[in-house]
Amino acid sequence: MPGNPAFRQIQVAFLEADVHMHRFEKLIEETKGFLDPAEGRRLYDVALEASRLGPFLEIGSYCGKSALYLGSACRENGQVLFSIDHHRGSEEQQPGEAYFDPDLYDDRQKQIDTLPFLRRTLARAGLEDTVVPLVCASAVAAKSWSTPLALVFIDGGHAFETAWLDYTCWSGHIMAGGYLLIHDIFKDPAKGGQAPYDVYKRALATDRYEELEMTGTLGVLRRRSEGDAGAAV
Ligand SMILES: C[S@@+](CC[C@H](N)C(=O)[O-])C[C@H]1O[C@@H](n2cnc3c(N)ncnc32)[C@H](O)[C@@H]1O
C-alpha cells in the first residue's frame with residue numbers, strides 16, 4: 001500500500017539501488033579500459049563468489065576498469081583487492097604503438113602515467129578502502145608475497161615472457177577453490193596475440209585447474225583442491 005511506511009521504505013531502497021546502479025554504469029562507461037561489459041559482468045559474478053574465500057590480486061590496474069568490477073564484489077564481502085601496475089603502460093600502449101592513448105601521456109615525465117586515473121576512478125567509486133594499489137612491476141610485489149589469494153586476474157603485459165612471469169609469480173598463491181582469470185584469450189591467432197592463450201593452456205596442462213566457461217576473451221579457471229597454495233607454479 002502506497003501509504004504504508006514499510007512500502008515506502010521498500011520504494012526508497014529500490015530507488016537507492018537504481019541510483020547506485022546508474023552511477024556504477026556511468027562510471028564504467030567513463031573509465032578507460034579494455035573489458036567489454038559482458039566480460040566485466042562475468043568478472044563481477046566470479047568475484048562475488050570468490051570474495052567469500054579471501055582477498056584478490058590483479059595484475060594490470062590501468063585506469064581502474066577491472067578494479068571497479070573486482071573491487072565492488074570485494075566490498076560486498078569485506079575483502080580487499082590488491083591491484084598491481086607500474087603505471088608506465090604495456091609495450092602496445094607506448095607512443096607510436098597500436099594502443100597508445102595521448103591522454104595518458106605525461107609531458108613533464110615524458111612517459112605514460114595511469115596512476116592519477118586509477119586514483120580518480122577509485123575515489124569516484126568509493127573504493128579507496130577496498131582496493132590497494134601496488135605501484136611496481138608484478139615480479140617485484142611477488143618477491144615477498146605470502147598471502148593466499150581467492151582470485152588472481154592476469155591482465156598485464158601481453159608479451160609471452162611478461163604474461164608467463166605473471167603466471168609463475170602468482171598462480172602458486174591461489175587457494176584451493178580460488179580462481180585464476182586471464183584476459184585476452186584469443187583461440188584464433190587471426191584475432192589477437194597468443195601469449196595469454198599460451199599461458200592459459202599451460203595452466204590447464206598442470207591439471208591444477210578446472211576450466212570454466214569463457215566470456216568473450218576472459219578465461220576462467222578454478223583451482224582444484226589438490227596441492228598447496230604457496231607452491232611454485
Ligand atoms: C591491458 S592494461 C590493463 C587493463 C585493465 N585491467 C582494465 O580493465 O582496464 C595492462 C596494464 O598492465 C600494466 N603492466 C604491464 N606489464 C606489467 C608488469 N610487468 N607489472 C605491472 N604492471 C604491468 C601496464 O602498465 C598496463 O596499465
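Which exposed residues does the face of H2 turned away from its buried side carry? They are Pro37 and Ala38. The model described here is a predicted one.

## Helix H2

Helix H2 covers residues 37–50.

Seven names make up the buried set of H2: Glu39, Gly40, Arg42, Leu43, Val46, Ala47 and Ala50. Viewed down the helix axis, these buried residues fall within an arc of 160°, and therefore they line one face of H2. An α-helix has 3.6 residues a turn, so residues three or four places apart point the same way. Pro37 and Ala38, by contrast, are exposed and sit on the face turned away from the buried side.

## The sheet

An open sheet is formed by seven strands, in the order E5-E2-E1-E6-E7-E9-E8, and the pairing is mixed. Its edges are strand E5 (131–134) and strand E8 (209–215); each has a single partner strand, so one side of each is left without a neighbour in the sheet. On average, neighbouring strands of this sheet are turned by 15° against each other, direction ignored.

Strands of a sheet pair through backbone hydrogen bonds, either parallel or antiparallel. The pair made by strand E1 (residues 56–59) and strand E2 (residues 81–84) is parallel and has four bridges. In one of these bridges, Phe56 has Leu81 of E2 as its partner.

## Two residues with positive phi

Tyr62 is located in the loop between E1 and helix H3 (65–76). Its phi is near 55°, a positive value in a residue other than glycine. Is Tyr62 buried or exposed? A residue counts as buried if 20 or more other C-beta atoms lie within 10 Å of its own. Tyr62 has 27 such atoms within 10 Å, so Tyr62 is buried.

His87 belongs to the loop between E2 and strand E3 (105–106). His87 is not a glycine either, yet its phi is positive, at about 65°. With 21 other C-beta atoms within 10 Å, His87 is buried.

## Around the ligand

The ligand is surrounded by 22 residues. The closest are Gly33, Gly60, Tyr62, Ser66 and Gly157. Tyr62 in this list is the loop residue between E1 and H3 described above.

How many residues of the shell around the ligand are nonpolar, polar and charged? The shell divides into six nonpolar, twelve polar and four charged residues.

Notes: Residues numbered from 1 in each chain as written. Predicted model: local features only at pLDDT ≥ 70, side-chain atom pairs only at ≥ 80, totals over all residues. Expected span 1.5 Å × (residues − 1). Buried ≥ 20, exposed ≤ 12 C-beta atoms within 10 Å, placed from the backbone. Arc of directions from axis to C-beta. Near = placed C-beta within 6 Å. Nonpolar A, V, L, I, M, F, W, Y, C, P; charged D, E, K, R; others polar. Pairing = 2+ DSSP bridges. Axes fitted to C-alpha atoms, helices over the stretch in contact; angles between N-to-C directions.
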